[in-house]
Amino acid sequence: MRGNQLLLVATFLCASNVMAQTDVTNKYIQNADFAARYAGWINQGTVQGVVGGFTHQTNSAFSLKSGEIYLEKYVNAGAGVPNCDIHQVLRGLPVGTFTLTAAAKNIQGSKDGQTGAFLYAGGQQTEVSAEQDYSIRFTVLTGKETIGFKTVGATGNHVCIDNFRLTQEALDIDAIHASLQDLINGAKSILGEGNTAQELQQAISQAEALLSQSTTEGVQEAAVALQRATTNYIISNGTGKLPAVTSNNFVVMGSTIALARADIKNNTTVLKESGYCWSTQPEPTVLDERSTEFFNNNGKIYRLDGLQPATFYYLRPYAWTTDNQVAYGQTIRIATKPMGAMTYVYDFAGDTEINARINSSIAETVWMYNNLTAITGVNLNVHYASGTPTADCSYGGWMRVGPSWNYQQTGTLLHETNHGVGVGTHAAWSNNASLREKTTHGKWLGPHATEMVQFITNDANAFLQGDGVHMWGGSSSSSSSGMLNLGINGAHEDSYSPSNQLLYFSNILTTHALHVDGLPFNWGIGFASPAYVFEQQDGQKYYLKSEVDEYGTASFLGHNASGTLQNRQMTMEEALEDDNVAWYITFNPKTALYTLQNVGSGQYIGVSNGQLKAQTTSAPIQLMPSREKSTFSKQKIHSFWITANKGAYALRANTATGVGTATYDNSAGAVQQRWFLLNNEQLSAYDNAKRILLQRELSTLVKEVRKVFETPHEGKSESTNLTETDDKMESLIQEVETAISGGSYTTAAQVSNANTALLNGLVSFLSNVRPTQVSVPFELTFLLQNPGISSNEGWSTTFTYQNNVGEMFTANAFTISQTTSLKLPIGTYQVRAQAFQRAGSYADAYPKYQEGTEDIKGSLFLKGKATKLKSIFDDAQPRTMGTGSVDADNGVFIPNTIQSAYNYFRRGYYSNEVVAENVAQSTLTLGIRSTAATESYWTCFDNFQLFYFGNHTSDTVTGIGSVQTGQALQESLIYDLSGRRTTKPQRGIYIQNGKKYIR
């Protein structure tokens, strides 16, 4: 940041305590002699965001260099070097006078007397020509100044800079007064009768009152106040149109550096500057800290420097027009990481230049790691190895660098450090089904690294990928131009220039994002790095709901009197009134861990006797975000694992009310371990989203219930009051239909209650009636989960499925079943399904089938009744049924693939049925099972259907030739001539039960 001299830290030194010419270089300047290359400096072309800047050098062409590294800009003789600038902001300076000294030169060939190179500090500069030390004396009032070196229209072809030194001079009260008077004069020159004029006049008066005193007391506060008041007066009286500024909510948080994007539309206005402003207080403005520094990569990436580690900040983008209008984006709250503590040692086993290159590269690497990450406990043990062709590194940081100069650069050292902290060297990278798309390679599935790559590239379709050893970026966009070589996998991906700084930053930030996702950076941590992954607000109430739909729809995490955590079932309205299901979530930036405190009881979630439970003392919790965000209303949010003790404990929803403790399972399928952390607005949005979803399901349910009601029926006995039964059912159906059409349901709980009431009403109705005709029963297929086998969902056993057909090919016994959620009335039920079994290979099974000895092991079952599945040969056809049919023997065609099984099923073949009586109102368990065989049997199945016959006996039901349910059964088995199942045939030719008919 330049030209912005606002207060960070105040240090006051009285005249009696100041020694003349006190060297304060190491106290205020980072990397003053460039021993760590560009660490601590912003090095670029003089136009912000433009690549360029000074390059490091190890030769002896600059005799005044300090150590072995200096910076230069060199072009062929006769030309002048391009415009470059390297600078840093010094913070925490006391009020007083300082001298900045640096060794520099600006020559053409061997000739000095050149122009256009400048050493600068505190708004002053001195021109550089001959090789010598140059100095600037400047006065500090506001605690902060920018120092640097630049070329602007330089005539020299070789420009060098090194060895910055800063000395604090003896107290010069006259110089301080003169600088303060300059601020006062500047304020007076703009003061008029505009907005905030009174505030500016007051600041001027306070500063003027200090001009006669002989100490520095109060000077810094007055200077900062005057500077703020002057700026505020300017922008308070701006004119013209405001730009449109939109924040990017994903901000990259380092320890002392943050990166952020923004969308700024000029709206035909001219911008004077744009950037980010920040403060530890909400709603920062340009009167606070601000930065206009940026990188260019598919748009601007603003760079915020000088942040304090482990600190909460508020920041937002701004755009400042030439008419002094300032527009802001949305405020974002961030928490910087704790300061990294990576260290290194180098054996200096090469020659002078080799040692300078390697040592400066690793020093820059470690500086960047410590300012961008929170990594501790890693010591890079670096060795020069003449027999190593390039470079290598093992997990933990044992590194070797070979003799090739282009592998002695920062990019290579960063790449090898990747290996040192786990990339390609830890199982979480090279063999992890939960975090790698293909377990050992492919996309990285962790959310933080994915978001990091998308931020860097400004590409929502970007992702991180790699093989078992290396990483790189990728994108599903056809024309992504973002920086995807962020793994720096080879010297050819590193230009060794200052323009690579964003690449270097991106490599480190992506690597640390991997650690946040679950790649341990050393053996000691053994788990994901804690981080600010949930952007909580202090004092905000949060409501915790299980990601599992049936647990989370009407349940909220709370606890009982004994401290046992439990899901408490209640409506949203009840939850908002009950602080015992509300939680305060706080974050400790120093540990990067959270605490979850119950609002009602004041108790915390913590570990006690091997269980996560409520306790009276504060306890650290690590939150781990889900792989993908879920959409609620118009928002996308993560669910979270609530973990403790490095994943040894994770909170788990065991049932709709029961909550337990499990070992952290980072698989995407571990939904019972993930929780939504919702504030009031999100809870309302969540409830509304659930209401919409449940209402869609209710709309389908009420249509199915009406079909059941409209099936011809009669009372189960002469004592049944059929009119009363029908009126009650009709009234309930109409009530629900009216509420849906009229928009009466405003909460998910209301819809859920209506769903329950409708199903209970259906059970009550069925308890009193039976179908008039046995051949036209009540169809209850809609009460089954996934009867058409579109997946494994709803069924007890995992099986292979394709084209809505399930299959098992095994010699082992199996049971594929489900149980209805409703307790169904007493009476007779029938399950139908299309299914067959082949007893071994068709070549072996067909002769046995002809002999009547084929041993079919499979059966369709309902409660305690079962019927043997059809043999694959039972519905063999005299012609092929599409691709995959096989001729078993002289024109006997049977399915031989899951695709061909689908072709037979869609034509109505292989129908099976079983009838059972429910002797008491209870749930029904149904499905397909098979006992063990001596060789693998092939079983295929699809199209389960459930029918109810009231108190018609099972013998009567078994004796009917076919069930005619009207629409439900017939529509599920109607196909067009292309073989596509349809439920709404129009005019044309269709196939039903293997026969063509015209509609």
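Let's start with helices α13 (residues 722-742) and α14 (residues 748-768), whose axes come within 10 Å and cross at roughly 160°. That angle makes α13 roughly antiparallel to α14. Keep in mind that this is a predicted model.

**Helix α13 with helix α14**
- The crossing of these two, α13 and α14, is left-handed.
- On the α13 side you'll find T725, D726, M729, L732, I733 and V736, and they meet A757, L758, G761, L762, F765 and N768 of α14.
- Sorted by class, the residues of this contact are eight nonpolar, three polar and one charged.

**Helix α6 with helix α9**
- The axes of α6 (residues 410-420) and α9 (residues 501-517) also come within 10 Å, crossing at roughly 5°, so the two helices are roughly parallel to each other.
- Here T410, G411, L414 and N418 from α6 meet Y504, N507, I508 and T511 from α9.
- This contact has three nonpolar, five polar and no charged residues.

**Salt bridges**
- The count comes to 26 salt bridges.
- One of them joins E131 and K105 at 3.6 Å, N to O; E131 sits in the loop between β8 and β9 and K105 in strand β6, so the pair ties together parts 26 residues apart in sequence.
- E131 is partly exposed at 28% relative accessible area, while K105 is buried at 5%.
- E913 and R832 pair up at 2.5 Å, N to O, and they tie strand β56 to strand β50, parts that are 81 residues apart in sequence.
- E913 is partly exposed at 29%, and R832 is buried at 10%.
- R706, E710, E730 and E737 form a network of salt bridges.

Note on methods:
Residues numbered from 1 in each chain as written. Predicted model: local features only at pLDDT ≥ 70, side-chain atom pairs only at ≥ 80, totals over all residues. Heavy atoms only, no water. Axes fitted to C-alpha atoms, helices over the stretch in contact; angles between N-to-C directions. Helix = DSSP H or I, 4+ residues; strand = E, 2+ residues; numbered from the N terminus. Parallel < 35°, antiparallel > 145°, perpendicular 65-115°, else oblique. Left-handed = near helix turned anticlockwise from the far one by under 90°. Contact = heavy atoms within 4.5 Å. Nonpolar A, V, L, I, M, F, W, Y, C, P; charged D, E, K, R; others polar. Salt bridge = Lys/Arg side-chain N within 4 Å of Asp/Glu carboxyl O. Buried < 20%, exposed > 50% of the residue type's maximum accessible area, 1.4 Å probe, protein only.
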